[in-house]
Structure formats: C-alpha cells, structure tokens
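Here is a two-chain walk-through in questions and answers. Look at the structure first, then read on.

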Amino acid sequence: MKSASPASGMDESPAAALYRQHGPLIFAWLLKQAHSWEDAEDLLLEVFLAAFERNRLLAVPEEKRLAWLLSVAQHKLVDYYRLSGRRPQVPLDALAETLEEDEARAPEAVALRHERNADLRAALQALPQTQREVVQLRFGEGLRCTEIATVLGKREGAVRILLWRALTFLRERYGKDQEGNTRDAR
Amino acid sequence: MRDEEPVNFEEVARLQNLDEQIDQRLYANPQARPANQDALDPQLLNDLRDFYQPHGQAFQQGLDRVWGRLEQSGAAQRQRPPRGDPTAEPGAPQERIHPMPENIRPGWGARLAALIAAVVAVVLVAGLVLGLVLVRANGTNTTGNNQTQTGSSPQATQTTSAQTPFSVTSVDLAVSPTSIAGKACGTSASFTYTATFHIPAGTAGGTIHFQYTLNNGMSSTSASVAVGAGQTSKTYTFTSSGTLPPDHTYPGIAEVLVTAPNSVHSPQVKPSGLCVAQAAFQVTSVNMAVSPTSIAGLACGTQVTVTYTATFHILANGPGGTIHFSYTVDNGRGSPPASITVAAGQTTATYSFTWSGALPPDHTMPENGGVFVNSPNQVNSPLVAPAGRCS
C-alpha cells in the first residue's frame, strides 16, 4: 500500500502521527522563512510544543489542523524575527556552502556521485529560482504538490505547472548532456 | 526562461495526477526511456532523487532531532521516531548542538506539575506500604483468603486457559458496484466497500485497528472493529460517493491495512471499466411521420384526424436536457411552442400533435406539419402531409 506515512504503525501515538503528517510541511515552510537551519528546527520544536500542550491540536478538527499549525508557526516566526536582531545569525546560504565544502571532503564515493551529478547541477542552476525551489521541495524534502503550494503560497495547479515545466526543461537540457556523455564514452 | 508564466487551465487538468505519475516513474525501470520523450523520464527522476538525497537526509535528520527533543520534553508521549529510521543513518546526529531556547525550558507551570506528581507518588507509596501492613496483619488470621484470591486472579486464568492468540489472518475487500463501464462521466456514483476480517477460531476476541484508503494510499482513514470471543470473521463497510471524472481518477484503488493486533493488508480493489466521456446535449436531426399517410379515396367533407409524429435524434452519451421547439400543422403559418425532456444517454424522443377537421373540397387541408427546434440547437424537421386528395 502506497502511503505518505512511511513509519506509520500500530503503536504510533497520536502525537507521532500528527508530527509525521504535518511536521515535514511546517519544517519546509520554516526553512524557507528562517535565517538558519538551526533556527528552523527550534521554531518547529516550539510549534509542536504548543500543539501538544494540553492536547491543543487534537482538539482542533482534523481538516483545520494544518491551518492551525501554520498560524502558530507564523506567530512563532514573528517572535523570532523580533528577537533575531539580538542573536548572531548564520544565513542558510552560508550553511549550504559549508555543507557543500563538507561534502567535498567526504569519501570518494560521494565525490564520484557529485561528478556524475555535475551535469544535473548545472541544469538545475539554469532553472528559474521558483522552479528550482519546487524541484527541491518535491525531490529533496519529499513534499507533494499541494504541500509545496502551501509552503510557497501558490495555488496547487500553478505548482504542478512549475514542476512540469522544470522537469521538461531538465529533461531537454540534462537529457542532451547525458546522451552526449554516452556518445563520448563510446 | 520565465519563472512565472500564465497558468493554462488545460495544462492544470492534464497534470492533475503529477505526483502519482512521478511516483510511478520513480519506481519504473530507469533504463526504459519513454517513447514520447516526456518530462517524466525515469532516469531523470531517479537522478534528481539521488541528487537531492543529501538534502533529504539532512531534512529528515532535522525532523528526527526535533522529534527527539519533543520526546525529551515530555510533550510527545511515545518513544518512537515518527518518520524514517535513524538506524539507517549510522552516526546521524541525534542531539542538537544549540541549546534549547529559553522560552521552551520548563516554566513554573511544569515545575508545579512535577511537584504535584512527586506528592502524589509519595502518597501512593505510603498507601501501598500501609496496605501491605494491613494485609500481613490479616494473614495472621486463619481465614486463608489471600491464597484463594491469588488463585483466581486474571493472570492465573490466562495462563491456565489454552486460547488461540487474537490475530487477523487475512482481509478480503469487495466493492459494489464492481464495474463502472458504460456509466457516463460527470455523473455521480456511490461505491460500497466491504472488508471481511478473518480471525482464527478459539480466540478471546479483541479489537482490530486498521486504516483504509480509497485513493491508493494518498490519504487514509483510521477505524476499528470489535470482535467477540470465538468469532472467526468480522465485516466492516465503508462508502465513497463522488462524480466520475473524465480523467478516470475516481474511483481510486481501495485497500485495507490492519495495524493491530498484527499487520496484514487486503488486496487492492477498484471497480473495473471506465466511464464514458459525455458528449454535449444536441439534437442531430428530426424525422417526421404522418398518419394517415394518405387521404386519397376519402370523400371531401369527411371528418379526419391527422397525427404528426416528430422523432428527435439526440447525440449519444449526452447528459440529457430539455428540447424546446415549436410545431406547425398549417405549413408554418402558426407555430405554438412545446418542449420535451430527455434523460442522460437517451438518443431518441418523440412528440405527436394533431389536426382535426372536415376535408375541404378545395383540398387546402390537411396542410404540411413539422417542428422547428430552438434549443439546445437549431434544427428543422422536413414538412409532411398525407398524400392524395379527397374526392
């Protein structure tokens, strides 16, 4: 059975089920808004602490829970922005660079994989920002189009079109590169 | 390449199941390139997944770390990582480097709760000790009640009985109706799914917890059924209603997944066949018939009734509707309005009207009769009249 909940099981608590269902979307949304990865994690923690406090979220009708969580996340984010002036910040971009440097120093297998992905990386860089975000949210963070639409504040249909156009572009650009590489190898 | 382009609604409709299409292609053979060279190339999709794997792992580890902190804080009661398997990533950091923010450290409320819990615990322990002292004091009497009570405890009963453990051996799932073939797309339909849980004989019974999906797992609903002692099967029925879309995405694949007392799932079921795409409601032609077909041989002055019958031909697989038209019995000089309603899928409809009178010696009656359709589209019938003349 295909499921959006890979770890769902018979002994899963309601809290775990709620976190599994909504945590990824809220986390992705916070990553997009916060200054750093660590801050996004802290904010996610605060959101779910508020949700689990006296079973608040369980008292909310199921169809309104995501909106409730997003509302709490927005409030936490406002508090965070207010306090962020007093905290040292590490921008996410800088973190990404650090991660990439770390990966460059990773074992040979990782380096080889990166070499193979160089063409794909170049093709992704050529994508418009929003399309690249959609692709990352779909393939990196595993979100569905409807969730990506919530994270980006767009309509679901628009997200599907963005994703389709991005894949079409990548198929054309990356596909050609791959065919070229195959010919070169021969 | 522009980032934001106008939304094409046809494109949106075509991409309705993009997520599912991507999932399907991700698990397809990466070497099998699609013939139509579309964007959902399995090789590309798999490479994208591999490319973003480090990011995905970091994302998952972030989620796991936060879940770990939630558990540590006591907010989440169960000690189970909610998504992914941390053991799959040896060395994955489970602890945050950064300290917990001030505003989520235990506050006065939490401290007060801890204090109350401690007091309750002390009272319970004291009560237990007191109870033991009293029981021991009673035990010095000659009643022997303690031993009798111990022998009849539920625990002992369980160990002495040889009941089969409660489990679900299999689940059947049936859907009614079994087929939607021939039904018009756009019409509403209702489906009843019946899950039959099979349980071994001789169990003490229990509760079966399960989830069922109507859309191949994209969403699921939790439910449970209670099974009595010795019962070997139990059924559960759920229904689904909706409009049959032209892209055939509904009804989806249904399945039941038992989560307790053990894990077992039903076969996937889906009504067979496809709905038939609906055509527009349209009258393609109108035929006319007249009765009597001839007045030859009748004496002039004879009273006759002439019946004109219009047969409307409607485009197949249409949604049905009302045909508005006018008819004439005097070659179009007069044309009173009329209408007729046809059901979805109906391809013909008839309407009759009459002229009555004495056959005049100048042969001006009966005249031509026919119909003029105004709606849903304009179409005219041929004009017909009985042949011959009175004598």
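Q: Where does Pro165(B) lie?
A: This is a predicted model, in which local features need pLDDT of at least 70, side-chain atom pairs count only at pLDDT 80 or more, and totals for chains, interfaces and linings use all residues. Residues are numbered from 1 along each chain as its sequence is written, while chains are lettered from A and ligands numbered from 1 in the order in which they are written. Helices (H or I, at least four residues) and strands (E, at least two) are DSSP runs, numbered from the N terminus. Pro165(B) sits in the loop of chain B between helix H7 (154-160) and strand S1 (170-176).

Q: Is Pro165(B) buried or exposed, and why?
A: A residue is buried if 20 or more other C-beta atoms lie within 10 Å of its own, exposed if 12 or fewer, and partly exposed in between; C-beta atoms are placed from the backbone. Pro165(B) has 11 C-beta neighbours inside 10 Å, so Pro165(B) counts as exposed.

Q: What distance separates the C-alpha atoms of Pro165(B) and Thr203(B)?
A: Along the chain, these two residues are 38 residues apart. Their C-alpha atoms are separated by 5.8 Å.

Q: How many helices does chain A have?
A: Read from the N terminus, the elements of chain A run α-α-α-α-α-α-α-α-α. Of the 186 residues in chain A, 38% are buried. Chain A has zero strands, and its helices number nine.

Q: What is the span of helix H4 (residues 53-73) of chain B?
A: The expected span is 1.5 Å times one less than the number of residues. H4(B) has 21 residues, and 30 Å is expected. From first C-alpha to last, H4(B) is close to that, reaching 30 Å.

Q: Which helices of chain A are included in what covers the buried residues of H4(B)?
A: The buried residues of H4(B) include Phe59(B), Leu63(B), Val66(B) and Trp67(B). Their cover includes two chain A helices, H1 (14-33) and H2 (37-52).

Q: Which residues of H4(B) meet H1(A)?
A: Contact requires C-beta atoms, placed from the backbone, within 7 Å. On the H1(A) side stand Tyr19(A), Gly23(A), Pro24(A) and Phe27(A). Their partners in H4(B) are Gly62(B), Leu63(B) and Trp67(B).

Q: How are H1(A) and H4(B) oriented to each other?
A: Their axes are 11 Å apart and the angle is about 120 degrees. Axes are lines fitted to C-alpha atoms, for helices over the stretch in contact, and angles run from 0 to 180 degrees between N-to-C directions. Angles under 35 degrees count as roughly parallel, over 145 as roughly antiparallel, 65 to 115 as roughly perpendicular and the rest as oblique. H1(A) and H4(B) are therefore oblique.

Q: Which residue stands opposite Ala195(B)?
A: Strand S2 (residues 188-198) of chain B and S5(B) run antiparallel, joined by eleven bridges. In S5(B), the residue opposite Ala195(B) is Tyr236(B).

Q: In S7(B), what is the bridge partner of Leu257(B)?
A: S6(B) and strand S7 (residues 264-265) of chain B run antiparallel, joined by two bridges. They form a hairpin with three residues between them. The S7(B) partner of Leu257(B) is His265(B).

Terms used
Pairing = 2+ DSSP bridges.
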